[in-house]
Amino acid sequence: MTQELNLTLQVWRQEGASDPGHFETYAANGISEDMSFLEMLDIINEDLIENDQIPIEFDHDCREGICGTCSLMINGQAHGQEKATTTCQLHMRKFNDGDTIVVEPFRARAFPVVKDLVVDRSSFDRIIESGGYISVNTGAASDANLTPVPKEAADTSFDAAACIGCGACVAACPNSAAQLFTSAKLAHLNLIPQGQSQRFERTETMVDTMETFFGSCTNHGECHEACPKEISLDFIAFMNRDYVKAKMKNRKLAGQS
Amino acid sequence: MVATSTNPQGSTPIFRRKLQLPFPLNIYQSSIGRKWVMALTGIGLLGFVIVHMIGNFHIYEGPVQLHEYAETLRGLGGGLFPRTFLLWLLRIGLAGMFLLHIHSAYSLKERSRKASDKADFVGGEKKYGSKRDYVAANYASRTMRWTGPIVLLYLLFHLADLTWGWWLGDDYVLGDPYHNVVASLSSLPVAIIYVVATVALSIHIFHGTWSLFQSLGINNPKYNDLRRTLAKLIAGIVLVGNLSFPVLVTAKLIDDDNRKCEVGDVACLEHEAEKH
Amino acid sequence: MTVLNSKIPDGPVADKWENHKFSTKLVNPNNKRRFEIIVVGTGLAGASAAASLSELGYKVKAFTFHDSPRRAHSIAAQGGINGAKNYTNDGDSVHRLFYDTVKGGDYRSREANVHRLAEVSVNIIDQAAAQGVPFAREYGGLLDNRSFGGAQVSRTFYARGQTGQQLLLGAYQALAKQVASGGIELHTRTELLDVVLKDGRACGIVTRDLVSGEVASHSGHAVVLATGGYGNVYYLSTNAMACNVTAAWRAHRKGAFFANPCYTQIHPTCIPASDEFQSKLTLMSESLRNDGRIWVPDAFDDTRSPSQIPDSERDYYLERKYPAFGNLVPRDVASRNAKTVVDQGKGVGTLKNGVYLDFEAAIERDGEAAVRSKYGNLFDMYQNITGENPYQTPMRIYPAIHYTMGGVWVDYNLMTTIPGCYSIGEANFSDHGANRLGASALMQGLADGYFVLPYTIGDDLAGRLGEATVPTDDPVFAEAEAGAHDQINRFMSIGGTRSVDWFHRELGKIVWDYIGMERTREGLEKALSEIPALEEEFWKDLRLPGSAATLNSGLEKAGRVADFFELAKLMARDGLDREESCGGHFRAEHQTDEGEAQRDDENFAHVAAWEWNGADSVQTRHQEELTFENVALTQRSYK
């Protein structure tokens, strides 16, 4: 039989970027343990609407853990306590009857609050725009099998490319650093042959853009623990090395290795 | 209505890029470069800590050998350089590394504070209203910004104590480090300061040793696990080695008894050293 | 009967696209920058189109209601993307992919479009690989392929179970590159409210900034709608929460014909709902059917755990009924058979709403490690959601709405019946006929965006060189903005008692019950009487707390649900008029003795395209006849 939970929620409410914001306490009763965390918030919102109060705004979309839209700091942990899980895939069976749950937005100065639990993560887009791509105009590609990619390299590149851009790494970081996000995209593109020609330029521009928004890494490893896709810290080391190399390298004579 | 391009608020940079300095100073302009400098100076300072500790082990051989070791340091470079020239070079290098290490650490801390502080609607230094639940960050990594300054304060104390002899007063004998160490550490409060500082230093080294591999990008899944082991090993050695001095002095296992030379008789120490 | 001109080029089907590309008017490279193109939606189709158009030199304005283009629901496609590369040397070809797609679509798609799709499928793979999409590779470093639902060749390229994510990120990054170069002006958290016409031509759009609530106008020489499908009309579907029909529907209300709305696809392998408040259904890749065996207990209301049911008391009904294809029968066949057994009372799980998908045999044959490497992430996902371990106990699956083949009617150039307005990707109706093959959605979205629209859009633009865009202070924009404001004000002032979600849920139940997997005349008529009643209540009893000048997701949803109501009625009408069963449209009255879909090629080998006649009257049904010169129409049989 499905268990039902009665919970107390402390939810961050904030009108907009300039509002100081505050915590509000809500009761969530009769929550089925098969519900996801967001479905529990849906129910609270239904109650709020019923009582003619303004529902809680929170980011969400695919609800299957891949779009990276959902966020939330749940009891001080990004996406809650479950490892490798987004908030939408966090199920209420992981909580106990009677729990008090504190729900806050992802915080960083580069993630201003839009409303309540919704934050603006467009700084991530700016990082990608500054070099997170391989320049190949549509139609310019040669046959896909002309460029073999060693399976191990392709697999590692994929491990990095699995990043969903949710921002949990920044939220969990005591320094509000975005090293894990940036290094994941760099590793995705820098580890495969297709990405080599822009490798060092990309590393330089993406890191430089990242540093206009975010704090500095102190190698705690909190980002990796919070990451729903378990992106490895190894990519950060890879980025650090490539960045200094990029500064040293004479790219006009790239062939001299 | 006029069409406007939506420019989300979060797109506004927090840190403006400054004018690009010429190579290699531009490396130090970026925080990754700064971490890199922090790691390199960390390696240098770690080397100093280890060499300094090993050198100090001469204390177990006796006053003469410790004196002889101090003399060797002053005479580094042999006939090639004037006496104490190389030692001063090392000292200046060390001081430079210290300054860079401290400056990079402080400036990056400030940067991270700025990257978080506007997010802070909750008050105080906290990023979140709820109790932060650290998962990976360990005690060592979270206290780098405390163990660092502790070590710095200790360093000043240590210099004043044994290099300049500020408070040993008449008991401070230039050229007899053995006596000075014993005299200083015999005081329990001083011994406690040394113990506390050594513990802080070891914690600092524990995270620093692992962290520097990350910062320098020295990374290979084949030996990544060894980085933690190495960090534990080095931190352990530094801890045990440096703790031995105050502990053994306090336990009176090292003292001024049974010396061949009288305290203050530097000429005797030199004479004994020559017989070696 | 020729309101609809599909503009299919002459010549043999294999030459049509080549010929068309040659005969299409070109815009001189230096002149492209004088044209402004609005692209609404930045999923696979929208992002790839915006990037490609911008690379060509057009000035592009891209719009998404997400906070970033990377969030589009294309990201959730798991299985893979077809490409007629024949890297596996197993007899695949452009012609075979074309043939399979037409057949899979149950002969309700345009041959010419499908052939073009098959032709460019190979370019998509090349393009994606060059962008750095980390497709699965073999140890030699070359691309790996697998066979996918309904195909007898291995032509599906994949990136673990996250092919859609990786392809979308590829397109998103191409878009990002163009945004950085200034070629694309990107508007995030901005929703389309209306398509604006001047003198019968699309001249721009009206949008609402979802953060500030500001209603604004944007003008362009062409408007491209890449806004996805309408599966969320069912409330519970595998679509993301924000997927909607609004852009397509507002275009429909402005004159774009809406084609084949009754063609909706059910995905056979979803996780069954666990309770009433479930907000969406989670899909698991169909590739699971490659190795999983589907069964139900022989006995009705069998409450034993699956491990206690011996093989002799299990019904592997797909293997039994379709020995040749077994568990790999097309989606609709697999789905309907699941519904049949569940309706019989053989369903499994607490709510008796699923069938088993069992990997025991595969684990025994290949070992758990091999199964884990293929499906690891899917198994983890299943375990996370249900709390059950699929390595030990069979998965429970049930069909859910997944994709909609119907959509805005477009001609061969992907232009809608509004000149200057285009529709690409899932939003249009074009390539999948009455049913879509697995791994073909990604293919079509990217084909339209990368390789079709960038060519065909020039045909119309070339003749308009020197024409300025309509200024946004033109009365047509003012009128459209006023209309948008009116609707917002109307929503905000209803002051009823029920939430948008409540209405959406109720609508979803009606649509699922009567316009779902199996349709009947009686049911469709019932839908046509129940939907308007609920709709009327919606406009009287909706409650929307909050303000229209801030982020207000209730208001966003209200607009979308209002459009779903109108769409649902059209779906029922379309289903009612289509007196046959084909692909995703199964009319219980029209089935063979074996319970298979019975097409009526004589009377229904056509596209039904509906013309809006105003809110108070019923749409007019137009027909575009389909001719099949290269593929013989056969009754599908997967025995």
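These entries record what I looked up in a predicted model with chains A, B and C.

**Conventions**

I number residues from 1 along each chain as its sequence is written, and chains are lettered from A, and ligands numbered from 1, in the order in which they are written. The model is predicted, and local features need pLDDT of at least 70, side-chain atom pairs count only at pLDDT 80 or more, and totals for chains, interfaces and linings use all residues.

**Entry 1: chain A overall**

I began with the secondary structure of chain A and found eight helices and seven strands. Helices (H or I, at least four residues) and strands (E, at least two) are DSSP runs numbered from the N terminus. I noted that the C-alpha trace of chain A spans about 70 × 40 × 35 Å along its principal axes. Of the 257 residues in chain A, 65% are buried. I call a residue buried if 20 or more other C-beta atoms lie within 10 Å of its own, exposed if 12 or fewer, and partly exposed in between, with C-beta atoms placed from the backbone. Among the contacts in chain A with a separation of 6 or more, 71% join residues 24 or more positions apart. Two residues are in contact if their C-beta atoms, placed from the backbone, lie within 7 Å.

**Entry 2: domains of chain A**

I then took up the domain assignment, whose bounds come from an automatic or database source. It gives chain A a domain 1 (4–115) and a domain 2 (121–256). The C-alpha centres of these two domains of chain A lie 30 Å apart. Their contact takes 18 residues from domain 1 of chain A and 16 residues from domain 2 of chain A. On the domain 1 side I recorded nine nonpolar, seven polar and two charged residues. For these classes, Ala, Val, Leu, Ile, Met, Phe, Trp, Tyr, Cys and Pro count as nonpolar, Asp, Glu, Lys and Arg as charged, and the others, Gly among them, as polar.

**Entry 3: helix α1(A)**

I checked the length of helix α1 (residues 37–50) of chain A. Its 14 residues should span 20 Å at 1.5 Å a residue, and the end C-alpha atoms are 20 Å apart, which agrees. The expected span is 1.5 Å times one less than the number of residues. The buried residues of α1(A) include Phe37(A), Leu38(A), Met40(A), Leu41(A), Ile44(A) and Ile49(A); Glu39(A), Asp42(A) and Asn45(A) are also among them. I found that the buried residues of α1(A) pack against β1 (4–13), β2 (22–32) and β3 (73–74) of chain A. Just after α1(A), Asp52(A) takes a positive phi of about 55 degrees.

**Entry 4: chain A with chain C**

I counted 64 residues from chain A and 64 residues from chain C in their contact. On the chain A side, α1, β6 (113–115), α2 (122–129), α3 (151–161) and α5 (179–190) give two or more residues. By class, this side of chain A has 26 nonpolar, 21 polar and 17 charged residues.

**Entry 5: chain A with chain B**

Here the contact takes 49 residues from chain B and 51 residues from chain A. In chain B, α1 (25–29), α2 (31–56), α4 (85–117) and α8 (188–216) each supply at least two residues of the side that touches chain A. The largest share, seven residues, comes from α4(B). I sorted the chain B side into 21 nonpolar, 18 polar and 10 charged residues.

**Entry 6: domains of chain C**

Chain C is divided into domain 1 (268–401) and domain 2 (475–597). Their C-alpha centres are separated by 31 Å. The contact takes five residues from each of the two domains of chain C.
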